[in-house]
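Biologist: Could you go through this structure with me? I would like to begin with the contact between the chains and then turn to some individual residues.

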Amino acid sequence: MELLLQQVMAGLATGGIYALMALAVVMIYQAIDHLNFAQGEMAMFSTFIAWQLMQWGQPYWAAFAIAVVLSFVGGVVIERVLFRPIHNAPILSSIVAFIALFSILNSGAGYLFDYTIKEFPTPFGSKPFLGITLISTHQAGMIGVTLGMLALLYLFFRGTRLGLAMRAAAANPESARLVGIRVGWMTALGWGMAAAIGAVAGVLIAPVVFLEPNMMLGVLLYGFAGAVLGGLTSPGGAVFGGFAMGVIENLAGTFIPYVGRELKLTIALVLIVAVLMVRPSGIFGRRLVVRV
Amino acid sequence: MTVPTEEIAAKQPVAVAPPVGAARRGAALDVALARPVVIAASLVIALVIPLVVRSFIAFQLTQVMVYALAILGLNLLTGYNGQFSLGHSAFYGIGAYTAAIMMHRWDITYFWTLPSAGLVCFAVGFLFGLPALRLQGLYLALATFALAVAMPQILKFGPLEHWTGGVQGLVIDKPDPPFGLPIDADQWLYYFTLAVLVLMFAGATSLVNSRSGRAIKAIRDNPIAAAAMGINTALYKTLTFGVSALYTGVAGALGAIVVQFVAPDSFSFFLSVSFLVGLVIGGVGSIPGCLVGGLFVLYVPNIAESVSTGLAGVVYGVILLIIIFVMPDGAAGFARLAAARLAGAKQPHTTEGRLP
């Protein structure tokens, strides 16, 4: 029983990372109706910017703020320059463009900052949290920030005119345009916000997984899986899915004898597929109704 | 995920084509006649190439054909049936291991491994297609992704090591040319692969143009309308999954014979991504486009590497972006557009090669 509790706690701690990434994934999905496969690499690049600023002598919070702002601008620029011109291309072509962006950012970061693994500071410290050895103050802080961002996003999308306009632009671009919403800029804004959330995620994840160009690969996979499990239309569901991924992964590794450790990602994915069999749009996702 | 294609757009202009001037009609006829000529010419060129180039290039071109066949498998599922898959590296891997195990453990001649690999993959694909029935778009992408992630781990899995050779994989022998033909082993494998390729491309062409093919495409364009027309969508979707896996599995078996080696990590998720990129570059829903996709998958990473070792990924990404910008519908869409321009027609879709 104690082992179970410990493993659940440890799972929640890593799940916090996945939840943060899942949230960024769902954000951009809401804004542009596509999954951004380069999301993790964008976050990784932002983290490198923060690291570089700190190397140049900036204090932690200044570097953090500048990196988030730069990421927001970068996200908008990427949308305007790369994805605006092909927004009418078939969906598979956009996916390939995401793959291209992934490749460019990954290799570019490796070239600029090289592939050695770097340590990244944490603002929360890394002592045990409230006496629980499995969860550090950093991980607790990370979970806190994730939940805080979720609340802010909820308020933004539910409570502000801009949030409403962004939701309208994503849900029905043509009608949104007719009521005077500048759909193109809403999409760009969505990219900017997703990039900024990604930057926050990257900076918080880096102390745990260490900074290097491939740091986000595994995290992004779990984040995607969490987002799909929770439902791509629901930011709260995505956060839930991210935490669930962390717990499932840990429990499968500990309690399923023989195959657990080697195949834990596989087992987690198979479980998710099993859940999707029952709820094909994720646990909290809305079912899309298609008109013929 | 519905894959938008030119099929619907193509039908309307063709239907109104006859009343337009005789000149344009002549142009359309030229294009219709051009198709068999182009195919025959390409075949002749394909037959001559290995006799004039170095062995290594023949070997590379053989791999191009193998990739083209794998991409064709993905194309049948994604391009023609509208089902998205990130799991085709798994089918490719199953095909490759079927061939390798048969040759390595049981000393079975290489050409018998192809039908077996195809059948095994058809069965696996068909079974995987059953749960996939309930999933669409990105949710299906995640399920197939799970398959791709699981495959290398299953191949490395301890208890199966006796069969799969574990992390080390299996080494197989290169087949010799039969009947004492005066060519080397690379050239023979090239011709063997070419023969399989031609056979399977012809099969795919007749499949997509048949009654079943129309049902498969109808499900892609509108599943509800297709069901209302009396098409058994569940059956066709699972069968398409099976056939798609069969094509990719045969490609995998050929690939194993060509490189004489299989190891778990060659069949990772990134292979699926390569297939997807090849599919889009060649043209979604185009059979000859798969060859362009195969060329891209094999050569462009090498070209990027030769431009700059440190920035290979950046160069690769930039090349990919430029291609998507210039031809968002892939090589096939670009070729259609070019053909239409040459024929002097304003409508880009009128000269698809079919007559009213």
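Modeller: The answers below concern a predicted model, beginning with the interface.

Biologist: How many residues of chain A are in contact with chain B, and how many of chain B with chain A?

Modeller: On the chain A side there are 43 residues in contact, and they meet 44 residues of chain B.

Biologist: What area do chain A and chain B bury between them?

Modeller: The two chains bury about 3,900 Å² between them, and 82% of that lies on carbon and sulfur atoms. Of the area that chain A buries against chain B, 16% is supplied by Leu92(A), Val96(A) and Met277(A), more than by any other three residues.

Biologist: Which elements of chain A give two or more residues to that side?

Modeller: They are helix H3 (60-83), helix H4 (91-113), helix H9 (216-230) and helix H11 (264-278) of chain A. H4(A) gives the largest share, with 13 residues.

Biologist: And by class, what does the side of chain A that touches chain B consist of?

Modeller: That side has 34 nonpolar, 8 polar and 1 charged residues.

Biologist: How many salt bridges does the rule find across the interface of chain A and chain B?

Modeller: The rule finds 0 salt bridges there. It does find 4 residue pairs in polar contact across the interface, with both residues at pLDDT 80 or more.

Biologist: Let us take one residue of H4(A). Where is Ser107(A) found, and is it buried or exposed?

Modeller: Ser107(A) is found in helix H4 of chain A. Its relative accessibility is 6%, and because buried means under 20%, Ser107(A) counts as buried.

Biologist: Which residues is Ser107(A) in contact with, leaving aside its neighbours within four places in sequence?

Modeller: In its own chain there is Tyr115(A); in chain B there are Gly310(B), Leu311(B), Ala312(B), Gly313(B) and Val314(B).

Biologist: Back to salt bridges. What does the count come to over all chains?

Modeller: The count comes to 2 salt bridges over all chains. In chain A, the side chains of Arg80(A) and Glu79(A) meet at 3.2 Å, N to O.

Biologist: Now chain B as a whole. What does its secondary structure come to?

Modeller: Chain B has 15 helices and 2 strands. It contains 356 residues, of which 54% count as buried. Chain B exposes about 15,500 Å², with carbon and sulfur atoms supplying 69% of it.

Biologist: What share of the contacts in chain B with a separation of 6 or more comes from residues 24 or more positions apart?

Modeller: Such residues account for 79% of those contacts.

Biologist: One last residue. What is the phi of Gln260(B), and where is Gln260(B) found?

Modeller: Gln260(B) has a positive phi of about 60°, although it is not a glycine. Most residues other than glycine have a negative phi. Gln260(B) is found in the loop between helix H11 (233-259) and strand E2 (261-262) of chain B. With a relative accessible area of 24%, Gln260(B) is partly exposed.

Conventions: Residues are numbered from 1 along each chain as its sequence is written. Chains are lettered from A and ligands numbered from 1 in the order in which they are written. This is a predicted model: local features need pLDDT of at least 70, side-chain atom pairs count only at pLDDT 80 or more; totals for chains, interfaces and linings use all residues. Side-chain values use heavy atoms; hydrogens and water are left out. Contact means heavy atoms within 4.5 Å. Buried area is the accessible area (1.4 Å probe) that two parts lose on being put together, summed over both. A salt bridge is a side-chain nitrogen of Lys or Arg within 4 Å of a carboxyl oxygen of Asp or Glu. A polar contact is a pair of N or O atoms within 3.5 Å; within protein, one must be able to donate a hydrogen and the other to accept it, and residues adjacent in sequence count only if both atoms are side-chain atoms. Helices (H or I, at least four residues) and strands (E, at least two) are DSSP runs, numbered from the N terminus. Ala, Val, Leu, Ile, Met, Phe, Trp, Tyr, Cys and Pro count as nonpolar, Asp, Glu, Lys and Arg as charged, and the others, Gly among them, as polar. Buried means under 20% relative accessible area, exposed over 50%, partly exposed in between (1.4 Å probe, protein chains only). Accessible areas come from the Shrake-Rupley method with a 1.4 Å probe; for residues, only the protein chains shown count as cover.
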